[in-house]
Amino acid sequence: GVRKVEGSRGGITQSSANGRTYADLPADAKVQCDKAAKKFVRENGQFKTEAAYRKHFIEQLESQKYFE
């Protein structure tokens, strides 16, 4: 189902365009995401938090039609 969370910009609920979250990813995608997060998440990097990276990762998967 699609979970739309209104008014949750940046804090507790990260959701992508159609409400997918890290929890919705299959195990192999989570492993990939975690590995990549270790590389990309740093204080002065593009992604300051793992949550921000996860959101980006899910958007990337969606743009590649991973979930279709």
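Is Phe40 buried, partly exposed or exposed, and what is its relative accessible area? In this predicted model, Phe40 is partly exposed, with a relative accessible area of 38%. The protein chain holds two helices and zero strands, and buried residues make up 25% of its 68 residues. Among the contacts in the protein chain with a separation of 6 or more, 45% are between residues 24 or more positions apart.

**Helix α1**

- Helix α1 covers residues 27-40, and its 14 residues should span 20 Å at 1.5 Å a residue, which agrees with the 20 Å that separates its end C-alpha atoms.
- The buried residues of α1 are Ala29, Cys33, Ala36 and Ala37. Seen down the axis of α1, these buried residues fall within an arc of 110°, so they line one face of the helix.
- On the other side of α1, the residues Ala27, Lys35, Lys38 and Lys39 are exposed.
- The cover over the buried residues of α1 includes α2.

**Helix α2**

- Helix α2 takes in residues 50-63, and from its first C-alpha to its last it reaches 20 Å, close to the 20 Å expected for its 14 residues at 1.5 Å a residue.
- Tyr53, Phe57, Ile58, Leu61 and Glu62 are the buried residues of α2, and what covers them includes α1.
- His56 and Cys33 are 23 residues apart along the chain, and their C-alpha atoms are separated by 9.7 Å.

**The nonpolar core**

- The largest nonpolar core has eleven residues, namely Tyr22, Leu25, Ala29, Cys33, Ala36, Ala37, Phe47, Tyr53, Phe57, Ile58 and Leu61. The elements that give two or more residues to this core are α1 and α2.
- Ala29, one of the core residues, has its place in helix α1 and is buried, with a relative accessible area of 0%.
- Leaving aside residues up to four places away in sequence, Ala29 touches Phe57, Leu61 and Tyr66.
- Ala29 and Phe57 are 28 residues apart in sequence, while their C-alpha atoms are 9.3 Å apart in space.

**Aromatic rings and charges over a ring**

- A pair of aromatic rings is described by the distance of the centres and the angle of the planes.
- The count of aromatic pairs comes to four. One of them joins Phe40 and Tyr53, whose ring centres are 5.7 Å apart and whose planes stand at 20°, so the pair is stacked.
- This pair links distant parts of the chain, with Phe40 in helix α1 and Tyr53 in helix α2, 13 residues apart. Whereas Phe40 is partly exposed, Tyr53 counts as buried at 6% relative accessibility.
- The rings of Tyr66 and Phe67 have their centres 5.1 Å apart and their planes at 85°, so this pair is edge-to-face. Tyr66 counts as partly exposed at 33% relative accessibility, and Phe67 is partly exposed as well, with a relative accessible area of 22%.
- Ring pairs also link Phe40, Phe47, Tyr53 and Phe57 into a cluster.
- The ring of Tyr22 has the charged end of Arg54 over it, 3.5 Å from its centre, and Lys30 lies over the face of Tyr22 too, at 5.6 Å from the ring centre.

- Lys65 is found in the segment after α2, and its phi is near 60°, a positive value in a residue other than glycine.
- At 54% relative accessibility, Lys65 counts as exposed, because exposed residues are those over 50%.

Conventions:
Residues are numbered from 1 along each chain as its sequence is written. This is a predicted model: local features need pLDDT of at least 70, side-chain atom pairs count only at pLDDT 80 or more; totals for chains, interfaces and linings use all residues. Side-chain values use heavy atoms; hydrogens and water are left out. Helices (H or I, at least four residues) and strands (E, at least two) are DSSP runs, numbered from the N terminus. A nonpolar core is a set of buried Ala, Val, Leu, Ile, Met, Phe, Trp, Tyr and Cys residues joined through side-chain atoms within 4.5 Å. Buried means under 20% relative accessible area, exposed over 50%, partly exposed in between (1.4 Å probe, protein chains only). The expected span of a helix is 1.5 Å times one less than its number of residues. The arc is that of the directions from the helix axis to the C-beta atoms. Contact means heavy atoms within 4.5 Å. Rings of Phe, Tyr and Trp (its six-membered ring) pair if their centres lie within 6.5 Å; planes under 30 degrees apart count as stacked, over 60 as edge-to-face and the rest as tilted. A charge sits over a ring if NZ of Lys or CZ of Arg is within 6 Å of the ring centre and within 35 degrees of the ring normal.
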